[in-house]
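Subject: Structure handover

Hi,

Here is the structure I promised to pass on.

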Amino acid sequence: MARLLFGLGIVAVIFTVYAIVDCAMFDRSRIRGIGRIWWIIVILFVPIIGGVLWFLVGRGRKGRPPRRSQRTVAPDDDADFLRGLDRDAAQEERIRRLEEELAELDDRTDQPDLPTDHPDHPEHSERRRDDDGDTPPSSRPNA
């Protein structure tokens with residue numbers, strides 16, 4: 001009889017340790033009833049019954065998805081989504097204006113306004129070229 005009680009005591013300790021480890025490692029969103037810490041306290045202070053209660057009540061089922069605190073909302077009813085669209089539209093408009101400004105800056109010449117008689121003025125460079133579009137030979141050697 002003593003061996004039987006000793007064996008049952010060992011089984012009870014193993015079951016309690018297994019229940020505590022299972023409770024500690026279980027997904028928080030699937031724990032039912034009370035919080036994780038309270039389940040561990042119940043398992044410790046009521047060894048066999050606490051473990052059985054944990055496996056029957058506290059552990060959520062695998063097949064059931066976790067409960068959500070908010071219901072699903074269609075995008076056209078979701079205020080955050082609609083605000084995001086307004087922000088996106090405003091940002092797209094700002095990007096379009098900046099691109100237009102950059103295009104205007106690119107259209108301007110990179111050089112400052114030069115007098116027409118200045119050698120670097122674009123009209124001068126066209127006058128120096130002959131009909132083939134080649135520049136005339138330079139009078140300097142090695143040029």
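Some bookkeeping before the rest. This is a predicted model, so local features need pLDDT of at least 70 and side-chain atom pairs count only at pLDDT 80 or more, while totals for chains, interfaces and linings use all residues. Residues are numbered from 1 along each chain as its sequence is written, and side-chain values use heavy atoms, with hydrogens and water left out.

**Overall layout**

The chain has five helices and zero strands, running α-α-α-α-α from the N terminus on. Helices here are DSSP runs of H or I with at least four residues, strands are runs of E with at least two, and the numbering goes from the N terminus. The chain has 143 residues, of which 14% count as buried. If you take the contacts between residues at least 6 apart in sequence, 45% of them join residues at least 24 apart; contact means heavy atoms within 4.5 Å.

Two packed helices are described by the angle between their axes and the distance between the axes. For H1 (residues 2-25) and H3 (residues 47-58), the axes come within 9 Å and cross at roughly 40 degrees. That makes H1 oblique to H3: angles under 35 degrees count as roughly parallel, over 145 as roughly antiparallel, 65 to 115 as roughly perpendicular, and the rest as oblique. The axes are lines fitted to C-alpha atoms, for helices over the stretch in contact, with angles from 0 to 180 degrees between N-to-C directions.

The crossing of H1 and H3 is left-handed, in the sense that the near helix is turned anticlockwise from the far one by less than a right angle (clockwise would be right-handed). On the H1 side, the contact takes in Ala12, Phe15, Thr16, Tyr18, Ala19, Asp22 and Cys23, and these meet Pro47, Ile48, Gly51, Val52, Trp54 and Phe55 in H3. By type, the residues of this H1 and H3 contact are ten nonpolar, two polar and one charged. The classes are Ala, Val, Leu, Ile, Met, Phe, Trp, Tyr, Cys and Pro as nonpolar, Asp, Glu, Lys and Arg as charged, and the others, Gly among them, as polar.

H2 (residues 36-45) also packs on H3, at an angle of about 145 degrees and with the axes 5 Å apart. Here Trp39, Val42, Ile43, Leu44 and Phe45 of H2 meet Pro47, Gly50, Gly51, Leu53, Trp54, Val57 and Gly58 of H3. The residues of the H2 and H3 contact split into nine nonpolar, three polar and no charged.

**Asp22 and its partner**

Asp22 lies in H1 and is buried, at 13% relative accessible area. Leaving aside residues up to four places away in sequence, Asp22 touches Trp54, Phe55 and Arg59. With Arg59, Asp22 forms a salt bridge, the closest N and O atoms being 2.4 Å apart. This pair links distant parts of the chain, since Arg59 sits in the loop between H3 and H4 (79-107), 37 residues from Asp22. Arg59 counts as partly exposed, at 22% relative accessibility.

How many salt bridges does a search of the whole structure find? It comes back with four, a salt bridge being a side-chain nitrogen of Lys or Arg within 4 Å of a carboxyl oxygen of Asp or Glu.

Back to Arg96: its salt bridge with Glu93 has the closest N and O atoms 2.3 Å apart. Both residues lie in H4, three residues apart, about one turn of the helix. Glu93 is partly exposed at 32%. The side chains of Glu93 and Arg97 also meet in a salt bridge, at 3.8 Å from N to O. Glu93 and Arg97 are four residues apart in H4, again about one turn of the helix, and Arg97 counts as partly exposed at 43% relative accessibility. Through shared partners, salt bridges join Glu93, Arg96, Arg97 and Glu100 into one network.

**One more spot**

Arg30 lies in the loop between H1 and H2 and is partly exposed, with a relative accessible area of 22%.

Cheers

Key
Buried < 20%, exposed > 50% of the residue type's maximum accessible area, 1.4 Å probe, protein only.
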